[in-house]
Amino acid sequence: MLINAPRGTKDILPDQIKNWIAVENKMREICARYGYDEIRTPIFEHTELFQRGIGEGTDVVDKEMYTFVDRGNRSITLRPENTASVIRAYLQNKLYAASTLVKLFYIGSMFRYDRPQAGRLREFHQFGVEAIGEGNPEVDAEVILLALDLLRELGLEGLTLKLNTVGCPKCRPVYRQKLTHFFSDKLDELCGDCRTRYEKNPMRILDCKIDGGKEFMEEAPKIKDCLCDECREHFRQVQELLTAVGVEYEIDARLVRGLDYYTKTAFEIRCDELGAQAAVAGGGRYDGLIEELGGISTPAIGFALGIERLLIALEKKDRLPKGEDAIDGFVVSMGAAAYAFELMSALRRAGLRIATDFAKRSMKAQMKLAARSGARFALIVGEDEVRDRTVTIKNLSTSEQSTVAFDDVKEAVVQCR
RNA sequence: GCGGUUGUGGUGAAGCGGUUAACACUCCGGAUUGUGGCUCCGGCACGCAUGGGUUCGAUCCCCAUCAAUCGCCCCA
């Protein structure tokens with residue numbers, strides 16, 4: 001009986017790796033342009049980091065974490081997202097000492113115990129960016145722009161930027177209270193889920209697929225009417241900046257980020273190619289998180305992007321780079337294994353890309369493999385070549401063939417590149 | 001976590017209660033001894049996801065499990 005990869009995990013096979021590398025390269029390129037430096041944090045952390053950072057009561061923490069007790073009796077969790085870890089690293093390594101604004105990005109695996117479906121895996125990969133230390137709306141706009149530039153340059157179309165503000169600890173309680181008041185006499189009309197949301201996080205009711213469309217929702221209090229002056233002004237400026245650089249967006253009063261640490265700006269980028277899992281990227285400001293994790297109050301903003309989802313969308317658009325890396329030569333050996341091995345090694349050491357077949361098949365079969373391998377040359381060695389210390393070179397596209405001295409093979413191959 | 005659909009070789013797939021599980025592609029071997037891409041010939045499922053059950057008999061019926069997929073939920 002074969003053992004398969006655990007549910008919700010996937011091998012990234014050789015024929016796919018090009019896509020990953022292309023996407024990752026583009027991410028690094030854009031980040032360099034925007035001045036973000038790469039950081040890599042551990043795949044697992046103390047469970048408490050996520051409980052405090054993401055917040056108990058969120059779905060991610062309450063039912064989706066891979067948590068276990070290690071041999072030292074510590075509660076450990078496979079990271080379900082990377083923001084909390086990056087902030088932890090920022091604090092632990094005192095990165096704030098270097099400058100007021102620290103701009104970081106990461107690429108790596110995240111783990112969430114969820115029911116798998118297309119675009120949703122238990123181990124998945126995120127690219128993300130965190131700008132820590134500056135509360136100006138310019139940073140919000142920059143982060144959003146970075147995300148859009150990345151997606152655009154990768155050739156993704158059908159994108160929508162959704163924007164909202166979720167207020168701050170000053171104004172959110174006010175809004176929350178208004179909502180609770182508003183829904184208090186409508187509980188009977190809400191779905192079961194929403195009744196629990198009413199207790200835990202009434203803002204989520206607005207986002208509900210079942211109740212969201214009901215008439216009275218139109219009359220529900222709007223966050224924009226409850227914002228404090230600071231939040232209102234911040235939101236206004238973010239929009240102004242985006243408009244100034246020609247970015248289109250939709251204000252979506254229902255957009256509520258699922259993690260507790262968000263404040264002010266919240267955004268999401270959706271791609272209509274993606275079906276149910278339409279959110280490719282999402283993020284927002286989280287001015288309260290650093291303090292929550294024991295640092296001094298520091299504003300920050302970031303976003304994360306799901307790489308698998310991105311690749312799905314790119315595949316549908318057929319926007320991925322093709323390119324095959326041709327190999328230079330295929331060594332065909334007729335009972336001259338040692339000599340062939342010597343030849344192959346010498347050429348590889350000289351920087352050429354050389355393939356061969358070790359199965360000692362018939363010459364015909366080897367030639368077939370040579371042709372299929374995409375090699376430009378078949379490098380044929382047999383009794384004669386061993387005796388004369390030569391190599392027969394056959395150009396596989398023109399069928400021209402000649403025999404040259406062992407030491408001249410490299411030159412002959414390179415010349416025809 | 002909830003509901004629907006699906007599960008036949010390397011791939012795409014036919015079969016749907018009863019002899020050797022169709023076909024195509026791929027792959028492997030061969031068409032005289034050291035030469036490819038075309039053509040021709042031949043080969044490749046100890047078996048129809050796994051485990052039970054019904055039946056004289058099951059790939060085809062039933063149940064469970066596992067997995068994939070779609071939607072819900074959540075989110076990236």
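Predicted model: local features only at pLDDT ≥ 70, side-chain atom pairs only at ≥ 80, totals over all residues.

Me: Why is helix 2 called roughly perpendicular to helix 4?

Reply: Helix 2 (residues 47-55) packs against helix 4 (residues 83-92) at about 105 degrees, and their axes are 9 Å apart. The label roughly perpendicular covers angles of 65 to 115 degrees. The angle of about 105 degrees falls in that range, so helix 2 counts as roughly perpendicular to helix 4.

Me: What makes strand 13 and strand 16 the edge strands?

Reply: Look at the order in the open sheet of five strands: 13-12-14-15-16, with mixed pairing. Strand 13 (354-356) and strand 16 (401-405) each pair on one side only, and that makes them the edges. From one strand to the next, the twist averages 30 degrees.

Me: How do you know that strand 12 pairs with strand 14?

Reply: A pair needs at least two bridges. Strand 12 (residues 329-333) and strand 14 (residues 377-381) are joined by five, and they run parallel. Ser333, for example, stands opposite Val381 in strand 14.

Me: And what makes strand 12 and strand 13 a pair?

Reply: The test is again at least two bridges, and strand 12 and strand 13 have three, in the parallel sense. Here Gly329 stands opposite Ile354 in strand 13.

Me: Why is strand 12 described as largely enclosed?

Reply: To be buried, a residue needs 20 or more other C-beta atoms within 10 Å of its own. Five of the five residues of strand 12 are buried, so the strand is largely enclosed by the rest of the structure. Gly329, Val331 and Ser333 point one way, Phe330 and Val332 the other way, and all are buried.

Me: Which strands does helix 12 touch where it packs on the sheet?

Reply: Helix 12 (residues 363-373) touches strand 12, strand 13 and strand 14, and its direction makes about 175 degrees with that of strand 12.

Me: How far apart are the centres of domain 1 and domain 2?

Reply: Their C-alpha centres lie 52 Å apart. The domain assignment of chain A gives domain 1 as 14-171 + 227-317 and domain 2 as 329-412.

Technical notes:
Residues numbered from 1 in each chain as written. Chains lettered and ligands numbered in written order. Domains from an automatic or database assignment. Axes fitted to C-alpha atoms, helices over the stretch in contact; angles between N-to-C directions. Helix = DSSP H or I, 4+ residues; strand = E, 2+ residues; numbered from the N terminus. Parallel < 35°, antiparallel > 145°, perpendicular 65-115°, else oblique. Contact = placed C-beta atoms within 7 Å. Buried ≥ 20, exposed ≤ 12 C-beta atoms within 10 Å, placed from the backbone.
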